Amino acid sequence: MHHLRPLTSATVLLVALALLAGAPAVRAADGITRGTTYRDAPDSRYLLGGDWLFRLDTAGVGLSEKFQRQTGTDGWVTTTVPRAWNAGDNSVTSFQGTVGWYRKDFKLPDDRARMNWLVRFESVNYRTSVWLNGKPIGRNTGAYLPFEMRLPRKGLKRTGTNHLVVRVDNRRLPTDFPPSGLTGAGDPAGGWWNYGGILREVYLQRIDRIDVTSVVVRPELPCSTCAANVGMRMTVRNYADRPLRVTASGSFGRERVRLGTKSVPAHGFASFTARVRVTKPKLWTPTTPNLYKVRFRVSLRGHKLVGYRVDSGIRSIKVVDGRLLLNGRNVALRGVGVHEDDPVTGFAITPARRAQIVAQAKEVGATVIRAHYPLHPDIQDLADRAGLLIWSEIPVYAVKTQYLKRAQVRKLAAKELQQNIIANQNHPSIMLWSIGNELSARPGPVQALYIAAAVHDAKTLDPTRPVGLAINGYPSAGCRPQYAGLDVIGVNEYFGWYPGPNGQIADRDTMSDYLNSVRACYPKKAIFISEFGAEANRDGPVEEKGTYAYQQDFVNYHLGVYATKPWLSGAIYWALQEFRVRPNWDGGNPHPDSPIHAKGLLRFDGSKKPAWADVQRLYTTTPQFAPP
Ligand code: GCB
């Protein structure tokens, strides 16, 4: 792939500008402010900010002592949300998890009786039980994806103070995503720190009879010079006791869209659809991340009930003959893996930190980012604006076959995949849906079942995106028919770093042939290196694992080999920045700084390691997109 266009430094400037664009809402006295930090939302959502209360329940007495009914502040401390209660505590007990209780005392920002209210959590790790004014209102399992619960009309105080109590249990089970487990040395296993708590924002959603339950804006681009066809769909739910005849309208860019008038049954649903033809679309590309503003509106006899906004981008992503094509062009993407971690706040990262992650990825020359879980919606917005693609994965991480075998476990995995697609599919930055990371490297019938069902679900919900899986790069795995349904294979490749089973990846010189064998196994699938990386936390000789020199040599060697594989659709360095992983982590480094995972190009404090410049040079000079 010669003639390809390298990235310009103008894109870096674009990101900086884009980051300034998302203006925060003004904070009201009670900490409840209208609006969301992200775009894809109705206009009737209120941030439940301000002061919250918290109490830790390591003794496990909260339920029996009825914390859920408490209205006094004895035993509670003031906090803010999001907040990971164990950020900065690197002990084994911190990692194993416990129970914490959050409480928000609040008055509704709008006391009109016809309004219904939901509470929406963007991410809670891990098991959540919620009470309103002492009455249970719902439960949820799983972090990194939003969930909503209705505030019952009976029990909700229209004018007085309401008490919302949230019990969070982050003790990991082997059936959780990610699962608990033990390492060979008997330490708790896991790929990133088990931060307990409400890790992303909480919102109240006001419903004036009609709620928008989902919005899909799906651009289809048959060829890069073709007109685009945009499918728009809005599903609404009627909370009223009688049917309502409502009108839906909207816009796509400057194009006005009529979605029609329909009667929505009492307590029932209705969907409104429209198609928009964009004759000369301004395509979304990593170098020109053009976005179209999309609006929806539901009205009742000319009176607006709710509005909804989302940004869309017109581009196509397909796998054709073993290559990933973006807008019909071959790609050789270069990227970085990320974690939403921060030395002070853990996974409850601030808007500034979110912006920093995206800015750093752009600065190093990445065009794709990957995490082991769905990213914060703001990061996805920033990626849309910055022209960064996202490998979007659910935390079905190293789940052992004995657990994946259980129907309950596969059911939760399927739910997470579906919810990820429903919540995040409008982002043009999302390149593919990944159904997991490093399941057994020798898949059998259980994994085959999981993969086939996941691919089917993903394609049903979103036929426009490829489906992928990240696998252990072990030669002994051979060609696996169980991967048949996948469009994309991601290889986590640590040749020359870890020895691997029976030392099979110890010698980096065997990596090139191994990659060719993967290609030969899956000639029709797009192949990515979904991870490669080496720990570095000190100066020292190039031959010694864990030194900056070793890491530099490692990235040069690996990226050098990838450059000789014209069929490779991309490579993603693991990771952009250091993060907390688990107690007694060594990561293959003879002198580790546990619990810090040290393969980052940036230290946990944000400073650059020497390999940063190597990766930046190689990424910015690699032609990542074929010419039109
Ligand atoms: C992997 C995992 C990743 C780890 C990495 C490592 O394959 O997917 O989460 O951090 O290896 O450094 O061992």
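This is a predicted model: local features need pLDDT of at least 70, side-chain atom pairs count only at pLDDT 80 or more; totals for chains, interfaces and linings use all residues.
**Overall build**

The protein contains 10 helices and 37 strands. Its radius of gyration is 24 Å, close to the 25 Å that the globule rule gives for 628 residues, so the protein is as compact as a globular protein of that length. The C-alpha trace spans about 70 × 60 × 45 Å along its principal axes. Of the 628 residues, 60% are buried.

**Salt bridges**

Side chains of opposite charge can pair when their charged atoms come close. Across the whole structure, a search finds 28 salt bridges.

| Pair | N to O distance | Burial |
|---|---|---|
| R206 and D110 | 3.2 Å | both buried |
| E393 and R370 | 3.0 Å | both buried, each with a relative accessible area of 0% |

The salt bridge between R206 and D110 links distant parts of the chain, 96 residues apart. R206 belongs to strand β15 (residues 202–208), whereas D110 sits in the loop between β7 (99–106) and β8 (115–121). Both of these residues are buried.

E393 and R370 form a salt bridge between two strands, with E393 in β28 (residues 389–393) and R370 in β27 (residues 368–370). Parts of the chain 23 residues apart in sequence are thus tied together by this pair. E393 is buried, since its relative accessible area of 0% falls under the 20% limit for buried residues. R370 is buried as well, with a relative accessible area of 0%.

**A positive surface patch**

K66, R69, K135 and K154 form a positive surface patch. One of these residues, K135, is found in strand β11 (residues 135–141). With a relative accessible area of 56%, K135 counts as exposed because the value is over 50%.

Technical notes: Residues are numbered from 1 along each chain as its sequence is written. Side-chain values use heavy atoms; hydrogens and water are left out. Patches are made of residues with over 30% relative accessible area and no salt bridge: like charges are joined within 9 Å, nonpolar side chains (Val, Leu, Ile, Met, Phe, Trp, Tyr) within 5 Å. Accessible areas come from the Shrake-Rupley method with a 1.4 Å probe; for residues, only the protein chains shown count as cover. A salt bridge is a side-chain nitrogen of Lys or Arg within 4 Å of a carboxyl oxygen of Asp or Glu. Lys and Arg count as positive and Asp and Glu as negative; His and the chain ends are not counted. The place of a charge is taken as NZ of Lys, CZ of Arg, CG of Asp or CD of Glu. Helices (H or I, at least four residues) and strands (E, at least two) are DSSP runs, numbered from the N terminus. Buried means under 20% relative accessible area, exposed over 50%, partly exposed in between (1.4 Å probe, protein chains only). The radius of gyration is taken over C-alpha atoms; the globule rule is 2.2 Å times the number of residues to the power 0.38.
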